[in-house]
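Please open the structure in your viewer and keep the selection tool at hand. The tour moves from one selection to the next and says what to look for at each stop.

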Amino acid sequence: MFGVIEGTGFEVIEPEFAECFVGHARVERLWTGARWSEGPVWFAAGRYLLWSDIPNNRILRYDDTDGSVSTFRQPSNNSNGHTVDRQGRLVSCEHLARRVTRTEHDGRITVIADSYQGKRLNSPNDVVVKSDGSVWFTDPSYGILMDYEGDRADSEIGACHVYRVDPSGEITIAADDYVKPNGLAFSPDESILYIADTGITHDPDGAKHIRRHTVNADGTLSGGNVFATCTEGLFDGFRIDTDGRIWSSAADGVHCINSDGVLIGKVHIPELVGNVCFGGEKLNRLFIAGTTSLYSVFLNVNGVSPL
């Protein structure tokens with residue numbers, strides 16, 4: 001890759017953003033050919049990245065050692081968001097199977113959650129694992145609203161919630177006042193859980209913001225005020241750096257929001273962005289899942305390690 005890719009670059013909105021990137025660093029397009037990229041997750045030990053191509057029903061693998069891209073899993077049950085747990089295992093949301101799963105070290109698939117009180121989940125979208133082993137995921141209805149990203153079906157639960165799976169396996173509702181709960185991430189000290197609501201996708205006056213919840217010692221949430229509202233499109237998936245800034249997907253690229261909820265800058269990408277994650281040896285490389293392509297850019301910040 002040479003030069004600057006058209007439509008990419010940094011935009012400084014608040015002076016503090018200038019400290020977040022390297023002046024001569026450029027956005028790289030690593031691969032293209034997807035229909036809707038989502039859910040990037042970095043595996044440090046293997047120096048590779050996995051991400052979903054939801055409509056093509058596959059998980060792709062970018063190998064950082066040689067730059068090659070291959071198919072990790074197909075069919076993938078229209079997987080969407082991924083994360084890695086504290087044991088280094090892949091945890092995935094699957095639209096088609098309407099479940100959250102874990103891929104064990106030997107390749108076996110373990111179902112973490114597929115129902116609540118006897119009713120099937122809608123279509124789990126994004127997932128995070130807390131240091132105590134609990135699994136938190138969002139369950140909007142995108143995967144059952146159409147056949148493009150799953151199978152069209154009625155919602156058995158009749159609402160879109162955020163769930164917590166205790167290490168014992170017990171599933172509880174963590175938040176029940178979202179229209180379309182989407183991306184989610186913990187603050188570096190795990191005292192706060194940020195959750196995006198993308199209700200605007202099916203209501204012009206709907207939500208397009210991230211809310212901020214306090215995580216209580218008993219595993220419940222309190223608070224939930226609006227933390228930041230998206231100025232271009234909506235917030236889908238996002239990650240947090242070690243200083244508490246949120247790096248979120250948006251219609252024009254990646255928005256950087258400081259811990260006070262102020263938009264301080266952008267990384268422009270020439271297509272709609274679905275999600276991001278930090279990777280690389282020092283977690284200072286932001287991988288960006290654009291609609292059709294995988295991008296990356298080195299930053300002057302470091303992501304929070306999931307391990």
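The stops below go from the annotated region to a sheet, a single strand and a nonpolar core.

Before you start, note that this is a predicted model, in which local features need pLDDT of at least 70 and side-chain atom pairs count only at pLDDT 80 or more, while totals for chains, interfaces and linings use all residues. Residues are numbered from 1 along each chain as its sequence is written, and side-chain values use heavy atoms, with hydrogens and water left out.

**The annotated region.** Select residues 36–289, which UniProt lists, in an unreviewed entry, as "domain: SMP-30/Gluconolactonase/LRE-like region"; such annotations may be inferred rather than shown by experiment. Over this stretch the chain is 2% helix and 49% strand, and the end C-alpha atoms are 8 Å apart. Helices (H or I, at least four residues) and strands (E, at least two) are DSSP runs, numbered from the N terminus.

Next, select the five strands that form an open sheet in the order 1-24-23-22-21, with antiparallel pairing; two strands pair if DSSP finds at least two bridges between them. Strand 1 (9–12) and strand 21 (238–240) stand at the edges, each with a single partner strand, so one side of each has no neighbour in the sheet. Inside the sheet, strand 23 (residues 253–257) and strand 24 (residues 263–268) pair in the antiparallel sense over five bridges, and His255 has Lys266 of strand 24 as its bridge partner.

**Strand 15 and its partners.** Now move to strand 15 (residues 162–165), where Val162 and Arg164 point one way and Tyr163 and Val165 the other, and all are buried, that is, under 20% relative accessible area with a 1.4 Å probe, counting protein chains only. Strand 14 (residues 135–138) pairs with strand 15 in the antiparallel sense over four bridges, and Trp136 stands opposite Arg164. Four bridges also join strand 15 to strand 16 (residues 171–175), again antiparallel, with Arg164 opposite Thr172. In the hairpin of strand 15 and strand 16, which has five residues between the strands, look for Gly169, which takes a positive phi near 105 degrees.

**The largest nonpolar core.** Finally, select Trp247, Val267, Leu286, Ile288 and Leu299, the residues with the most contacts inside the largest nonpolar core, which has 19 residues. Such a core is a set of buried Ala, Val, Leu, Ile, Met, Phe, Trp, Tyr and Cys residues joined through side-chain atoms within 4.5 Å. Elements that give two or more residues to this core include strand 26 (285–290) and strand 27 (293–298), while strand 25 gives the most, with three residues.

Terms used
Buried < 20%, exposed > 50% of the residue type's maximum accessible area, 1.4 Å probe, protein only.
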